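Here's a quick tour of one protein model, written for someone who likes cut-offs spelled out.

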Amino acid sequence: HLTNLVCQESTMIEKQLEGITNTTSFYQKETQEALKFTSPISSSYSQRIGYSDEHALVTTADTNEGGAAVFFSNLTPIGDGELSRVGALLSMENLMKNLLSSNNLLVSIYFNSHDSLNVIYPYFDTASQYPPDMNIPDYNFYYEANKKYNPSKQVVWTDVYLDPAGHGWMISSIAPVYNEDFLEGVVGIDVTVETIANDILNMDIPFSGYGILLSKDGTIMAMPWQGERDF
C-alpha cells in the first residue's frame with residue numbers, strides 16, 4: 001500500500017515540475033526570437049534606467065503596474081549594441097508577467113547573458129542586491145545550462161543554491177539561448193526550496209510519512225518540517 005502511495009505522489013510531483021519545465025522551454029524559444037531583433041528601450045523605461053555609483057547599469061525604480069528589473073555588470077562596457085539588447089529583452093516584459101502568474105509555485109523569471117546582463121521579473125532593487133562586478137556565468141544557474149554540462153541544449157534543473165537576488169535557497173529550471181553555436185545566455189525560472197517543501201511535498205501520507213526531494217546524486221534538496229525534526 002505504501003509503495004502504491006509513493007508512486008502516485010511522485011507522479012503528481014513529476015507533473016508539477018514538468019509544467020515548469022514546459023514553461024521554461026516556451027520562454028527559451030521566445031527569448032531566442034526576441035534577441036534576433038534590435039529594439040530601443042522604451043521611453044518609460046529609459047527614464048528609470050541609469051548607472052549606479054559603481055558604474056553598473058540598473059533600473060532605479062519600478063513601474064506603477066510592477067515591472068521587470070535590469071542589471072548590467074560593470075565588467076561590460078555599455079554601448080548601443082548592449083542597450084538595444086536590453087530593449088529587446090524588456091519588450092518581453094508582459095510575457096514574463098503572464099508566465100510567472102500562470103503557476104503559483106514560481107518566484108521569478110529571468111534572462112542572464114554571457115556578458116552579465118540580467119533582466120528579471122518581478123522588480124527589485126538590483127543595485128543594492130547584486131555586487132556591481134558580478135560575473136553571472138560563474139553561477140550554477142548559468143553554467144549548468146552551457147554546452148559542457150548540457151550538450152542537449154534542453155531544459156535542465158539546477159541543484160540547490162543560495163539565490164543572489166535574495167529569495168533564499170532555490171532550485172531553478174534553466175535553458176540555454178543560442179545564436180547558432182554561440183551561447184547568448186540562459187533563461188531561468190525559480191522555485192524556492194521552501195515552496196517545494198510546503199506545497200509540492202505537502203502530501204497526505206499515512207503512518208506519519210512525508211516526502212523528500214532528492215537530487216540525482218542523492219543530496220536532500222527539500223523536506224517538510226517533520227523531516228527536519230527527524231533528521
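E180 sits in the loop between β8 (169-179) and β9 (182-192); helices here are DSSP runs of H or I with at least four residues, strands are runs of E with at least two, and both are numbered from the N terminus. E180 isn't a glycine, yet its phi is positive, at about 55 degrees. With a relative accessible area of 76%, E180 is exposed. On that scale, buried means under 20% relative accessible area, exposed means over 50%, and partly exposed is in between, using a 1.4 Å probe and protein chains only.

Before going on, some housekeeping: this is a predicted model, so local features need pLDDT of at least 70 and side-chain atom pairs count only at pLDDT 80 or more, while totals for chains, interfaces and linings use all residues. Residues are numbered from 1 along each chain as its sequence is written, and side-chain values use heavy atoms, with hydrogens and water left out.

S208 is another non-glycine with a positive phi, about 60 degrees. S208 lies in the loop between α7 (193-200) and β10 (213-214) and is exposed, with a relative accessible area of 71%. There's also a cis peptide bond, from Y121 to P122, with omega near 5 degrees. P122 belongs to the loop between β5 and α5 (126-129).

## Overall build

The protein has eight helices and eleven strands. The C-alpha trace spans about 65 × 35 × 30 Å along its principal axes. How does the radius of gyration of 19 Å fit a compact globule? For 231 residues the globule value would be near 17 Å, so the two agree; the radius is taken over C-alpha atoms, and the rule is 2.2 Å times the number of residues to the power 0.38.

Of the 231 residues, 49% count as buried. The accessible surface comes to about 11,900 Å², and 50% of it belongs to carbon and sulfur atoms (Shrake-Rupley method, 1.4 Å probe; for residues, only the protein chains shown count as cover). Among contacts (heavy atoms within 4.5 Å) with a separation of 6 or more, 57% are between residues 24 or more positions apart.

Helix α1 covers residues 2-34 and contains T23. Is T23 buried or exposed? At 15% relative accessibility T23 counts as buried, and beyond its neighbours within four places in sequence, T23 is in contact with L99 and I189. From G19 to W225 it's 206 residues in sequence and 26 Å in space, C-alpha to C-alpha.

L99 brings us to helix α4 (residues 93-101), where E93, M96, K97, L99 and L100 are buried. The cover over the buried residues of α4 includes α1, α2 (43-46), α3 (80-90), β4 (108-113) and β5 (117-121).

In soluble globular proteins, nonpolar side chains tend to be buried together. Here a nonpolar core is a set of buried Ala, Val, Leu, Ile, Met, Phe, Trp, Tyr and Cys residues joined through side-chain atoms within 4.5 Å. The largest core has 40 residues, and Y27, L90, I109 and V119 touch the most other members. Its largest share, five residues, comes from α1.

Leaving out residues up to four places away in sequence, I109 touches Y27, M96, L99, L100, V119, I120, Y121, G188 and I189. A second, separate core has 20 residues, including V58, Y110, A145 and M170.

## Rings and a charge

Rings of Phe, Tyr and Trp (its six-membered ring) pair if their centres lie within 6.5 Å; planes under 30 degrees apart are stacked, over 60 edge-to-face, and the rest tilted. By this rule there are six aromatic pairs. Y110 and F141 have ring centres 6.3 Å apart and planes at 75 degrees, so they're edge-to-face. This pair links distant parts of the chain, strand β4 for Y110 and helix α6 (residues 140-143) for F141, 31 residues apart. Both Y110 and F141 are buried.

Y139 and F141 are stacked, at 5.2 Å centre to centre and 25 degrees between planes. Y139 counts as partly exposed at 28% relative accessibility, while F141 is buried at 6%. Y110, Y139, F141 and Y161 form one aromatic cluster.

Lastly, the charged end of K153 sits over the ring of Y178, 4.3 Å from its centre (the criterion is NZ of Lys or CZ of Arg within 6 Å of the ring centre and within 35 degrees of the ring normal).
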